[in-house]
Amino acid sequence: MICDNLTVRDGILQFGGKNTLELAERYGTPLYVMDEDKIRANCRTYRTALADAFGPEAMPLYAGKAASFTKLIRIIKEEGLGLDVVSGGEIATALRAGFPMEHAYFHSNNKTDADIEYAIENGIGYFVADNREEVDAVNAIAARFGIRQKILLRLTPGIDPHTYAAVATGKVDSKFGSAIETGQAEDMVRHALSLANVDLAGFHCHVGSQVFDSDVFLRASEIMLGFIAQMRDRFGYTARILDLGGGYGVRYVESDPVIDIPANVALVGAFVKETCRALSIPLPAIRMEPGRSIVADAGLTLYTVGTVKRIPGYKNYVSVDGGMTDNPRFALYGSSYTVMNAGKMDQINDFSCSVVGRCCESGDIIQENVSLPSSVCRGDILAVATTGAYNYSMASNYNRIPRPPVLLISAEKNSETVAVRRETFRDVIALDED
Ligand SMILES: *Cc1c(COP(=O)(O)O)cnc(C)c1O
């Protein structure tokens, strides 16, 4: 199975120990299901791996953009991870979850003045400043509040992680961060050190997402540690924190490799410590920012099949009651997914088709070249695996389609909890003025 929390019993797909047909029956479709036990296990894997590799000062930060809702952020808090936020809305979610804001890091390449004020008012731990202009904006607003705001500087180490272009972010020409190569990073350090209301805590980089090659993190940390040593030599400034970003890949299809996170992090740990020794710099407190690899395999989406269209000599379509509104990732990046007929797991998958959504858009495709049993018909339940990251968080109301609910399940607690309720037509029209 593509994820280890998926099993089959009597021909029926089970997720996190629950019968998926029964979940679809009880809660309706489309339905996002999230396995709380899996989320917690992934959090613990990172916490232990970072502590083992870098010592007790290290902390994984969950990248909330992968999926953000109150009950999820509460789990992140209980598991002792820090949190990346990228907008006022994500800050509001963290506040509602009672998240300790001193462990929250505010990202984004363009924070408005209102965003900065809102974050400072609510005691954000760190700004991850993208560029010099933003350092000035934070400094000015922090001055008005009469505080010295901790910041990290987001730098681009100039690395191509060989992932999709849309999620590669560490190159010099990226819209994110300031480049080491062009001298802009050094200029930003000099400037930040001269300001009274920012406290430069260290540096950040994020080279990309869905990364399987551990060499990427080694190369990034080598460049970042080199930069830290250079800044010490130039300005007598020693960074206290080094944030290496997120990006470890997950398995969407059988051909995707399995990543051993503890082994990978251990490799980075050994390399970072050795490089620090070689450069005679103290080991900074390390941050990593996993998003996808915390929640992706904890998610499964269930749909009900509607029309099955056979176009003889051409192709076949299986339409479901959701689509790009709940999962836009195929439309955005051509992402791969594993699709299963949840109630017919013991039948042979001998029918090739495209699984498509219900939106008025030809690109509204969940997945192409899917193999399902040829008996697939109206009323069957389809399951799409590994949908916990960048699905609910990217959902829209295109075609005025209400968004599905998020159901949290736990075998350990023997619980099923609606974490986000299903939107209604009333919700869809709620903001319209008469
Ligand atoms: C998106 C992002 C992450 C998380 O990336 P994943 O691929 O989901 O692990 C971490 N840090 C930053 C700055 C990001 O933009």
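Guide: The shell around the ligand divides into three nonpolar, seven polar and five charged residues. Here Ala, Val, Leu, Ile, Met, Phe, Trp, Tyr, Cys and Pro count as nonpolar, Asp, Glu, Lys and Arg as charged, and the others, Gly among them, as polar. This is a predicted model: local features need pLDDT of at least 70, side-chain atom pairs count only at pLDDT 80 or more, and totals for chains, interfaces and linings use all residues. Residues are numbered from 1 along each chain as its sequence is written, and side-chain values use heavy atoms, with hydrogens and water left out.

Visitor: Which residues around the ligand are the closest?

Guide: 15 residues surround the ligand, and the closest are Lys 65, Ser 209, Glu 289, Arg 292 and Tyr 390. A residue is near a molecule if one of its heavy atoms lies within 4 Å of it.

Visitor: Why is Ala 263 called partly exposed?

Guide: Buried means under 20% relative accessible area, exposed over 50%, partly exposed in between (1.4 Å probe, protein chains only). Ala 263 has 39% relative accessibility, so Ala 263 counts as partly exposed.

Visitor: What separates the C-alpha atoms of Ala 263 and Ala 53?

Guide: 9.5 Å, although the two residues are 210 residues apart along the chain.
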